[in-house]
Amino acid sequence: MSDFHERASREQQPGLSRRQFLTYALGGTGAFMASLVAVPFVVETFDPIRRGGANAFVNSGHKVSEFNKTLPQLVEFRAHRDDGWNSADIPSRAWVILQEDGSPLAMSPICTHLGCQVNGTLGPDGKPEPSQDGQWWFHCPCHGSKYTVYGIQSPGSPAPRPLDVHKVKVDEAGYLYLGPLQQRNSAGQVIS
Amino acid sequence: MLKKAYDWIDERLNVTPLWRDVADHDVPAHVNPAIKMSAFVYCFGGLTFLVITTQILSGMFLAMYYTPDITNAWYSVKYITDEVLLGNVVRGMHFWGASLVIIMMFLHMLRVFFTGAYKKPREMNWVVGVLIFFVVLGFGFTGYLLPWDQKAYWATAVGAQLAGSIPWIGPYIQTLLLGSHTVGALTLTRFFAIHVFFLPAALLVLLALHFIMIRAQHIAGPL
């Protein structure tokens, strides 16, 4: 009984008891040592987060002056891709048209609906020619998405947004460089 | 807060006896360094287990970036070392830890030997300990090949020839070990599978036996 009262009165004393202090000290030291082991694992696991997407610009091999404001031209280039310890130059395509202000618009041929390759309107000689389908110049063979020469989808298309566009640069000699892809909203403005 | 969560679970599942049974023991006076400093030699078994635990953890995290293929293995190891954030630290833990396991295990074995703890009734636990020793050596041998550099390749080539020098059955053992007639792609996949699947399974079973027997027989008495 007296032992109980003694302990009860000790527990009412302010501050830490010896037992609590030792528990915290040991627990804190243990947690510190465990975290020394665990932190490198967590950091290593989250390494992919700090890696951006492909940011390199590649020379398309064409000068801006080769393109026009009426119809897109097909450009074949090799996009560099770093994938872990592998790196490769992936054969890629883009449709390039000049906008009203003369700046190049390089569109990905990947349909924004489910990822098929859209077709431009080409003549028998494989050269771009005006569309037979009103303003719709790109047609997706899979689900019939239609796009204008600027890659804006038709209202009835299953495609949710315009064709993605490459970031572009032009060097002193006038060559067009293609960079990472960006999405656009339905007004054709780059959103990301 | 934590206490409340614990009490909530404990009230429903009665977990306290479970961990009490595993963790809550008096340390005998003759193995307690707080009483007699020289009793630290009794720590080596626990230290071996601690290092093995970190080996398993660091190995799991290395496996996220490693690939056991002769054209890519070395590049993936280089990627871990040079590119992945703190990847060289995780690889370093696994690399140095591997030697540390062997050192700790050997010290533990010396302690058991010189305190006579292997004697009746603990002979079976000594046998299990020796099996663990072989499994850990197997980890070292198979893990050494995985970076697929010159050192790895030739160490395995020599090791395979040692196995091949056994009379009569040596060549068969060598071929089975390498998965092929020379050290190559099949050796790498085979050693990888042994290193990350077969040996860990064997090790966990043996460690469980080791610990269950200690619990059943208690720590050997003082000298």
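Of the 192 residues in chain A, 29% count as buried, where buried means under 20% relative accessible area, exposed means over 50%, and partly exposed lies in between (1.4 Å probe, protein chains only). This is a predicted model, in which local features need pLDDT of at least 70, side-chain atom pairs count only at pLDDT 80 or more, and totals for chains, interfaces and linings use all residues. Residues are numbered from 1 along each chain as its sequence is written, chains are lettered from A and ligands numbered from 1 in the order in which they are written, and side-chain values use heavy atoms, without hydrogens or water.

Let's walk along chain A. Its secondary structure consists of three helices and eight strands, with helices (H or I, at least four residues) and strands (E, at least two) taken as DSSP runs numbered from the N terminus. In sequence order the pattern is α-α-α-β-β-β-β-β-β-β-β. Chain A is more spread out than a compact globule, because its radius of gyration is 31 Å, well over the 16 Å that the globule rule gives for 192 residues. That radius is taken over C-alpha atoms, and the rule is 2.2 Å times the number of residues to the power 0.38. Along the principal axes, the C-alpha atoms of chain A fill a box of roughly 105 × 40 × 30 Å.

Now turn to chain B. Leu110(B) sits in helix H5 (residues 87-114) of that chain. Leu110(B) counts as partly exposed because its relative accessibility is 33%.
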